[in-house]
Amino acid sequence: MLLHDTSLVFGRYLRQTLRSRFQILFGILMPLLHLLFFGPLLTGLPLGSAGDSWQVLVPGLLLQLSLFGASFAGFSIIIEKSTGVVERMRVTPVSRLALLLGRVLRDALLFVFQAVLLVLAALAMGLRAPLPGVLIGFAFVGLLALSLASLSYALAMRVRTPQEFGPVINALTMPAMLLSGLMLPMTLGPAWLDVLSHFTPLRYLVDAVRDAYVGSYATAHMLYGVLVALGFAALAVTAGTRVFRRAGA
């Protein structure tokens, strides 16, 4: 029943996404602008990391795509609460876990698709990375999107208006972006900042994907990245499911 319910919810929200081409295309706009206008500035600079500038920048942009896109996914459920959609779902026998999984799986698929578009653009600009590394990067994008979307929906169920939701998300995503080394390796900064960044889960995912993009798979960064990504996803889905069950929707 869980699989059946999840597929129903997933199909509903996937159809909504397919009808919104602006959501698909404009969601990739910010990482694409960074790729076009920021990437060329890094060419030839000593970045203190294995690989060239594209192998450093593109993994960060992929995870930036999930960070900002999935974190703001909860806006949709605030709208659904105000229009009565959540109330109608509350009276159905569908699994509360399925109500969350259907949504976050749609989000994960959307951001992986956008990540594919971003990598294709990066290849045209000079990125060279092994295929297994690129596929590993997509897996991390999907896991991060699953985690952050779960937490975003959980928060959205707790607040009443977009005006309450937006500032909280901004206050959480901006430090995560700055401390994770999305744009540049944290090893370029002072030692205290590098140490502080290790308290940000996203830092481990960024390091793992950058290793994958240079063909290094059996590394400590990869191990830590996989463990953090899986653990974060499990905790986020558990927290999101608990909120959905208590809210009755």
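**Figure 1. Contact of helix 9 with helix 10.** In helix 9, S152, L155 and A156 meet F165, V168 and I169 of helix 10. This view, like those that follow, is drawn from a predicted model. Five nonpolar residues and one polar residue form the contact of helix 9 with helix 10, and no charged residue takes part. The axes of helix 9 and helix 10 come within 9 Å and cross at roughly 145°. Helix 9 passes helix 10 in a right-handed crossing.

**Figure 2. The second largest pocket and its lining.** The second largest pocket holds about 300 Å³ of space. Its lining comprises 15 residues, and those nearest the centre are S71, L148, L151, L172 and F232. Two or more lining residues come from each of helix 5, helix 9 (131-158), helix 10 (162-180) and helix 12 (201-213). Helix 9 gives the most to the lining of the second largest pocket, namely five residues. By class, this lining has eleven nonpolar and four polar residues, with no charged residues.

**Figure 3. Packing of helix 3 against helix 5.** The axes of helix 3 and helix 5 come within 9 Å, and they cross at roughly 165°. An angle over 145 degrees counts as roughly antiparallel, and helix 3 and helix 5 are therefore roughly antiparallel to each other. The crossing of helix 3 and helix 5 is right-handed. The contact of helix 3 with helix 5 has nine nonpolar residues, two polar residues and no charged residues.

**Figure 4. Packing of helix 5 against helix 8.** Helix 5 (residues 53-71) and helix 8 (residues 96-125) pack at an angle of about 155°, and their axes are 10 Å apart. Helix 5 and helix 8 are therefore roughly antiparallel to each other. Helix 5 passes helix 8 in a right-handed crossing. On helix 5, the contact is made by W54, V58, L61, L62, L65, S66, G69 and A70; on helix 8, it is made by F111, Q114, A115, L118, V119, A122 and M125. The residues of the contact of helix 5 with helix 8 divide into twelve nonpolar and three polar, with no charged residue among them.

**Figure 5. The largest pocket and its lining.** The volume of the largest pocket is about 460 Å³. The lining of this pocket consists of 24 residues, of which Q23, G69, F72, A73 and F111 lie nearest the centre. At least two lining residues are supplied by each of helix 1 (2-18), helix 2 (21-26), helix 3 (29-37), helix 5, helix 6 (75-83) and helix 8. Helix 8 gives the most to the lining of the largest pocket, with five residues. By class, twelve nonpolar, nine polar and three charged residues make up the lining of the largest pocket.

How values were computed
Residues are numbered from 1 along each chain as its sequence is written. This is a predicted model: local features need pLDDT of at least 70, side-chain atom pairs count only at pLDDT 80 or more; totals for chains, interfaces and linings use all residues. Side-chain values use heavy atoms; hydrogens and water are left out. Axes are lines fitted to C-alpha atoms, for helices over the stretch in contact, and angles run from 0 to 180 degrees between N-to-C directions. Helices (H or I, at least four residues) and strands (E, at least two) are DSSP runs, numbered from the N terminus. Angles under 35 degrees count as roughly parallel, over 145 as roughly antiparallel, 65 to 115 as roughly perpendicular and the rest as oblique. A crossing is left-handed if the near helix is turned anticlockwise from the far one by less than a right angle, and right-handed if clockwise. Contact means heavy atoms within 4.5 Å. Ala, Val, Leu, Ile, Met, Phe, Trp, Tyr, Cys and Pro count as nonpolar, Asp, Glu, Lys and Arg as charged, and the others, Gly among them, as polar. On a 1 Å grid over the protein atoms alone, a cavity is a set of points where a 1.4 Å probe fits but cannot get out, and a pocket is an open set with protein on both sides within 12 Å along at least five of seven lines; lining residues have an atom within 4 Å of a point. Grid points are joined across faces, edges and corners, and a volume is the space filled by probe spheres set on the points.
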